[in-house]
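Let's take a friendly walk through a protein together. Have a look at the sequence and the 3D picture first, and then we will go through the details.

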Amino acid sequence: MFELLKIRKARRMAHAAIDPFLRRDPGGAAILQAGDWLHPQIIGFLATLVTLIAQRHCGPMRTHALAAVQAHVLNAVTGIGPELIGEEICLLTSHEDPAFAVGARGAVAFLEMLRPATELDELDTPVMTLDPALQRLWEEHVDQCLRRSPRPQ
């Protein structure tokens with residue numbers, strides 16, 4: 001039961017951290033579909049960021065609990081089914097994909113810039129601002145890698 005509460009809190013915290021960057025809509029004239037997100041760097045960035053946020057706010061979690069948090073948040077963000085996103089993460093990790101690793105390192109830098117851990121940990125729901133340095137990291141690891149589908153006429 002306690003693990004379920006940790007999973008719920010971790011999902012909420014990850015959504016709160018990612019949502020402001022999703023709402024910016026840098027593409028403007030494009031509709032994003034699930035396949036647009038299937039770039040190893042994006043998956044590495046988002047999966048690692050979700051994991052780090054979950055661990056920061058909820059402490060150590062079992063592998064299945066972290067996987068549940070990743071699958072839920074990444075499905076909500078990208079539209080990619082939980083089974084497929086889990087397979088992609090495992091495949092990219094096992095093949096030591098260099099783009100996946102770049103995304104993962106970007107997520108570490110992103111979290112370090114987000115706020116000092118002690119300040120962030122004291123908040124029940126983080127207050128996220130679109131700091132220019134964070135925006136640059138998001139653009140480098142997510143926006144530049146997105147394959148956008150044209151908006152139907």
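Which residues of the largest nonpolar core touch the most other members? They are Leu46, Met61 and Phe110, in a core of 41 residues. A nonpolar core here is a set of buried Ala, Val, Leu, Ile, Met, Phe, Trp, Tyr and Cys residues joined through side-chain atoms within 4.5 Å. Two or more residues of this core come from each of H1, H2, H3, H4, helix H5 (98–114) and helix H7 (132–141). H2 gives the most, with ten residues.

A word on the background: this is a predicted model, where local features need pLDDT of at least 70 and side-chain atom pairs count only at pLDDT 80 or more, while totals for chains, interfaces and linings use all residues. Residues are numbered from 1 along each chain as its sequence is written, and side-chain values use heavy atoms, leaving out hydrogens and water.

Now for the whole chain. The protein chain has seven helices and two strands, where helices (H or I, at least four residues) and strands (E, at least two) are DSSP runs numbered from the N terminus. From that end, the elements run α-β-α-α-α-α-α-α-β. Of the 153 residues, 43% are buried; buried means under 20% relative accessible area, exposed over 50%, and partly exposed in between, with a 1.4 Å probe and protein chains only.

Let's return to Leu46. Leaving aside residues up to four places away in sequence, Leu46 touches Ile18, Trp37, Leu74, Val77, Thr78 and Trp138. A contact means heavy atoms within 4.5 Å. Among contacts in the chain with a separation of 6 or more, 82% join residues 24 or more positions apart.

Leu74, Val77 and Thr78 are among the buried residues of H3. This helix covers residues 63–78, and what covers its buried residues includes helix H1 (2–22), helix H2 (40–58) and helix H4 (82–94). Just after H3, Gly79 takes a positive phi of about 85 degrees.

Finally, how many salt bridges are there? The count comes to one, a salt bridge being a side-chain nitrogen of Lys or Arg within 4 Å of a carboxyl oxygen of Asp or Glu. Arg23 and Asp19 form this pair, with their closest N and O atoms 2.4 Å apart. Here are the two partners:

| Residue | Relative accessibility | Class |
|---|---|---|
| Arg23 | 65% | exposed |
| Asp19 | 29% | partly exposed |

Technical notes. The expected span of a helix is 1.5 Å times one less than its number of residues.
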